[in-house]
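Reader: I am new to this structure. Please take me through one part of it, slowly and closely.
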Amino acid sequence: MIPRAVRAAIEEALLDEDEERALSLLQPHLGSDAAAWSQAGFLLDDLGQSEAALDHYARALELDPRCVSAFVGRGKIRAARREHEEAIADLDHALALEPLGMTYFAKACVLEEMGRTTEAAGCRAEAARLEPALFGRR
């Protein structure tokens, strides 16, 4: 469990767009907290350290095979590497656990890149339905 004061300091670092400081605050508290490992993975990816991020997502999934954010983060990296099928599999796992608009949007982007425009449109529509504010709708 990450102490409240540490979480507040991490949030402050993120508001300042200082991922390195946020990561340095988070790392000593990873322990057996899958969400923390996943958050560290996102920070590492933002810092251009995708291999280390993948290791952190793997650890998060070892600790909690239902860690949605780890599937999304790993899917994001796989999509960037043009490992489309693997990215879709990760995003589908995340969606099966927790159907979020941003995850549908991420999947739509991958499908679009693959030329699967009809499926991409369906995912975009679902993303807009789930989180209309993200698409300028109310």
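Which residues are exposed on the other side of H1?

Author: On that side, Arg 4, Ala 5 and Leu 15 are exposed. Exposed means over 50% relative accessible area, buried means under 20%, and partly exposed lies in between (1.4 Å probe, protein chains only).

A word on the source. This is a predicted model: local features need pLDDT of at least 70, side-chain atom pairs count only at pLDDT 80 or more, and totals for chains, interfaces and linings use all residues. Residues are numbered from 1 along each chain as its sequence is written, and side-chain values use heavy atoms, leaving out hydrogens and water.

Now H1 itself. The helix runs over residues 4-15 and has 12 residues. Helices here are DSSP runs (H or I, at least four residues), numbered from the N terminus. From first C-alpha to last, H1 reaches 16 Å, close to the 16 Å expected at 1.5 Å a residue. That expected span is 1.5 Å times one less than the number of residues.

Val 6, Ile 10 and Ala 13 are the buried residues of H1. Down the helix axis they fall within an arc of 60°, so they line one face of H1. The arc is that of the directions from the helix axis to the C-beta atoms. Why can such spacing make a face? An α-helix has 3.6 residues a turn, so residues three or four places apart point the same way.

What covers this face? The cover of the buried residues includes helix H2 (19-26) and helix H3 (34-46). Just after H1, Glu 17 takes a positive phi of about 60°.

Follow the cover to H3. Of its 13 residues, 10 are buried, so H3 is largely enclosed by the rest of the structure. Among them are Trp 37, Gln 39, Leu 43 and Leu 44. Their cover includes H1, H2, helix H4 (50-63) and H5.

H5 (residues 68-80) deserves a look. The axes of H3 and H5 come within 9 Å and cross at roughly 20°. That makes the two roughly parallel, a term for angles under 35 degrees. Axes are lines fitted to C-alpha atoms, for helices over the stretch in contact, and angles run from 0 to 180 degrees between N-to-C directions. Contact means heavy atoms within 4.5 Å. From H3, Ser 38, Phe 42, Asp 45 and Asp 46 meet residues of H5 including Ser 69, Val 72, Lys 76 and Ile 77.

Note on methods
Angles under 35 degrees count as roughly parallel, over 145 as roughly antiparallel, 65 to 115 as roughly perpendicular and the rest as oblique.
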